[in-house]
Amino acid sequence: MSLAVFAFFRHTHGATMVDMLVYRAEGQAVVRGEDLYAMRLPGWDLPATYPPFAAMLFVPSTWFDVPVLRVLVMLLNYALLAVAVHLSLKLAGWARQNRSAVVILATGLGIWLEPVFTTFQYGQVNLGILCLVLWDLTRPDRHRFKGVGIGLATAIKITPGLFAVYLFLTGRVRAALVSAGTFLAAGLLGWALLPDASYGFWTKYLWDPSRVGVTVLVDNQSLRGAVCRLLDVNDPGPVGLAASALVGALGLAVAVLAGRSARVLRRADAWGGVCAAFTALLVSPISWTHHWVWCVPLIALLVVEARTRARQVLLGVTLLVFLSHVMWTVPHRWGRGVDWYWQLPGALYPPMGIAVLVVLGVRLYRARRQAADGTGGARALRTAEPDRDPALTNRT
């Protein structure tokens, strides 16, 4: 029912699916042998921003007319959302016996989460990236191909590379090397087939954030974007750099500590993965609202753990933040001259991401302190096991 309402809403209000059009134009540039990074989408003046390997993957989109492609991409994103929900529940250790019913229900409701909603509206690839990373995180550490999904995701969109660092620092060295090898192989394939585009991307265009968009836009929910709007500047300079460095160090530390705390923290690796994702979103120069589809596994974790009043409140606040769409009501969407009382509504996701890191950091500190005192470690280990999916008992 929810999906039908969403489809009706799209039909009556329209959806530009402009990013899908950019992907199709990139695929056409590859097919025609044109300069990939000189391409601009007619009527929008939007350039290619992904690596050449990604542009090669977009070639099949040129086989269809735009109206047909719109329908196919919408259906594909429906399927990817269902897969993302399934993998998120698996990551969170949801019981297998009723997981299918929950996937159906959560997919219908999840479409209204702002990052998911705008992914559909723009025809974005975020749900595909999310599924690739979750596919890796939910596989046993001993699996020889663990890391391939993260490597492919990084070859398409770069920022998922932080997950390879997370795997390495939490002792999954082989998986981290598989990720790096997959990324390198994809890059070399792009270089072999599109040498000029590859040279331009890796030496010039990758390092130019202005190609991706304007940092100060309300759409940009990275920490840098929030600082730009707060200071009413286009470039936050040392302040923005210091804030990103501080939060990046905090986020990676919390993620790695969580990933190494399986004996004292329930769903430790799941929390570590979510914190790694939020860290990447916070420190990236530009994280559009639709990049925050990592709210799906976060909500899955909070639902599984919503057994106390405090955790139910956390779940409610998280749902309110990601269902609100409030940043789209902020005056001056271009980000400059936003009044002080609109600053928080215009930048809800960075504080949310930082709050997740801080709350989990405090929780880890308390759990480890209890374990060191001999009062909590054994209890945490005994109570963690019943909530785990046997498929996730993967440490060797």
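Me: What counts as an aromatic pair here?
Reply: Rings of Phe, Tyr and Trp (its six-membered ring) pair if their centres lie within 6.5 Å. Planes under 30 degrees apart are stacked, over 60 edge-to-face, and the rest tilted.

Me: And what am I looking at?
Reply: This is a predicted model, where local features need pLDDT of at least 70, side-chain atom pairs count only at pLDDT 80 or more, and totals for chains, interfaces and linings use all residues. Residues are numbered from 1 along each chain as its sequence is written, and side-chain values use heavy atoms, with hydrogens and water left out.

Me: OK. How many aromatic pairs in the whole structure?
Reply: The search finds 14. One of them joins tyrosine 50 and phenylalanine 58. Their ring centres are 6.3 Å apart and the planes make 45 degrees, a tilted pair.

Me: Are tyrosine 50 and phenylalanine 58 buried or exposed?
Reply: Both are buried. Buried means under 20% relative accessible area, exposed over 50%, and partly exposed in between (1.4 Å probe, protein chains only).

Me: What about phenylalanine 278 and tryptophan 292: which geometry?
Reply: Edge-to-face, because the planes are at 70 degrees, with the ring centres 5.3 Å apart. Phenylalanine 278 lies in helix 14 (residues 268-283), and tryptophan 292 in the loop between helix 14 and helix 15 (295-304). So the pair ties together parts 14 residues apart in sequence.

Me: How are those helices assigned?
Reply: Helices (H or I, at least four residues) and strands (E, at least two) are DSSP runs, numbered from the N terminus.

Me: What's the relative accessible area of phenylalanine 278?
Reply: It is 0%, so phenylalanine 278 is buried. Tryptophan 292 is buried as well, with a relative accessible area of 0%.

Me: Which residues form an aromatic cluster?
Reply: Tyr37, Phe183, Phe201, Trp202 and Tyr205 form one.

Me: New topic. Which members of the largest nonpolar core touch the most others?
Reply: Val116, Phe163, Phe278, Trp294, Leu298, Phe322 and Leu360, out of 81 residues. A nonpolar core is a set of buried Ala, Val, Leu, Ile, Met, Phe, Trp, Tyr and Cys residues joined through side-chain atoms within 4.5 Å.

Me: What is leucine 360 in contact with?
Reply: Val254, Ala258, Leu265, Trp271 and Cys275, leaving aside neighbours within four places in sequence. Contact means heavy atoms within 4.5 Å.

Me: How many residues of helix 2 are buried?
Reply: 11 of its 15, so the helix is mostly covered. The cover includes strand 1 (40-41), strand 2 (46-47), helix 3 (52-57), helix 4 (66-92) and helix 6 (114-122).

Me: What follows helix 2?
Reply: Glycine 33, with a positive phi near 70 degrees.

Me: And helix 9: which residues are buried?
Reply: In helix 9 (residues 161-169), Leu162, Phe163, Ala164, Tyr166 and Leu167. Glycine 171 follows helix 9, with a positive phi near 90 degrees.

Me: Last one. Where is histidine 291?
Reply: In the loop between helix 14 and helix 15. Histidine 291 is buried, with a relative accessible area of 15%.

Me: What does histidine 291 touch?
Reply: Asn126, Lys157, Leu281 and Ile286, not counting residues up to four places away in sequence. The side chains of histidine 291 and lysine 157 make a polar contact of 3.4 Å. A polar contact is a pair of N or O atoms within 3.5 Å; within protein, one must be able to donate a hydrogen and the other to accept it, and residues adjacent in sequence count only if both atoms are side-chain atoms.
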